[in-house]
Amino acid sequence: MENCLFCKFVNREYKTDIVFENDDFIMFKDINPVAKNHFLAVPKRHFKYLAEMTEDDANMLGRIMKKISELKDLLGLENGYRLVINQGDDAGQTVPHLHIHVLSGQKMEWHPA
Ligand code: 5GP
Ligand code: ZN
């Protein structure tokens, strides 16, 4: 996908500090963290909305969540963590390439609206 920031990270057109990568996704720190630990899991395939997922994409997202749960030390998950996927304007999605926020390292309030 042209002119997509996260595709450029995936393709190494732009540099970012990737902390984990496999065939499905890359992970790096969010540039504007909202928790002590704030990583982004970015699928290598470009799509914006969960509603666009194929069956293969659904399996891929499941594998990504399983892998995230296994990266306990790397992501600082020992005391709990939160996964967030913002979808569309009301949720404040700013990057049109689906990604999972991984938040951890502190107690978190729950006030989604
Ligand atoms: P969204 O608002 O779409 O759910 O999340 C996009 C996230 O990408 C934001 O938390 C924002 O801080 C992060 N972000 C935007 N541009 C960059 C960048 O150039 N580098 C990194 N590491 N994160 C970015
Ligand atoms: Zn993209």
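Q: Which helix gives the most to the shell around ligand 1?
A: That's helix 1, with three residues. Keep in mind that this is a predicted model.

Q: And which elements give two or more residues to that shell?
A: Helix 1 (5-10) and strand 2 (25-29).

Q: OK, how many residues surround ligand 1 in total?
A: There are 16 around ligand 1, and the closest are Lys29, Asp30, Asn86, Thr94 and His101.

Q: What does Asp30 do there, in terms of distance to ligand 1?
A: One of the polar side-chain atoms of Asp30 is 2.5 Å from an oxygen atom of ligand 1. His101 also uses a polar side-chain atom, at 2.8 Å from a ligand 1 oxygen. With Thr94, a backbone N or O atom is the one that lies 2.8 Å from an oxygen atom of ligand 1.

Q: How much of ligand 1 does the protein bury?
A: The protein buries 82% of the 520 Å² that ligand 1 exposes when taken alone.

Q: Which pocket is that space?
A: Ligand 1 takes up the space of the second largest pocket.

Q: Switching topic: where is His97?
A: His97 is in the loop that runs between helix 4 (88-91) and strand 5 (100-104).

Q: Is His97 buried or exposed?
A: Buried, because its relative accessible area is 0%, and buried means under 20%.

Q: What does His97 touch, then?
A: Leaving aside neighbours within four places in sequence, His97 has contacts that include Cys4, Phe6, Cys7, Val42 and Phe47. His46 is another of its contacts, and the side chains of His97 and His46 are joined by a polar contact of 3.2 Å.

Conventions. Residues numbered from 1 in each chain as written. Chains lettered and ligands numbered in written order. Predicted model: local features only at pLDDT ≥ 70, side-chain atom pairs only at ≥ 80, totals over all residues. Heavy atoms only, no water. Helix = DSSP H or I, 4+ residues; strand = E, 2+ residues; numbered from the N terminus. Buried < 20%, exposed > 50% of the residue type's maximum accessible area, 1.4 Å probe, protein only. Polar contact = N/O pair within 3.5 Å; in protein donor to acceptor, adjacent residues only side chain to side chain. Contact = heavy atoms within 4.5 Å. Near = heavy atom within 4 Å. Areas by Shrake-Rupley, 256 points an atom, 1.4 Å probe, with all protein chains shown as cover. 1 Å grid on protein atoms, 1.4 Å probe; cavity = no way out; pocket = protein on both sides within 12 Å on 5 of 7 lines; lining within 4 Å. Sits in = over half its atoms within 2 Å of the grid points.
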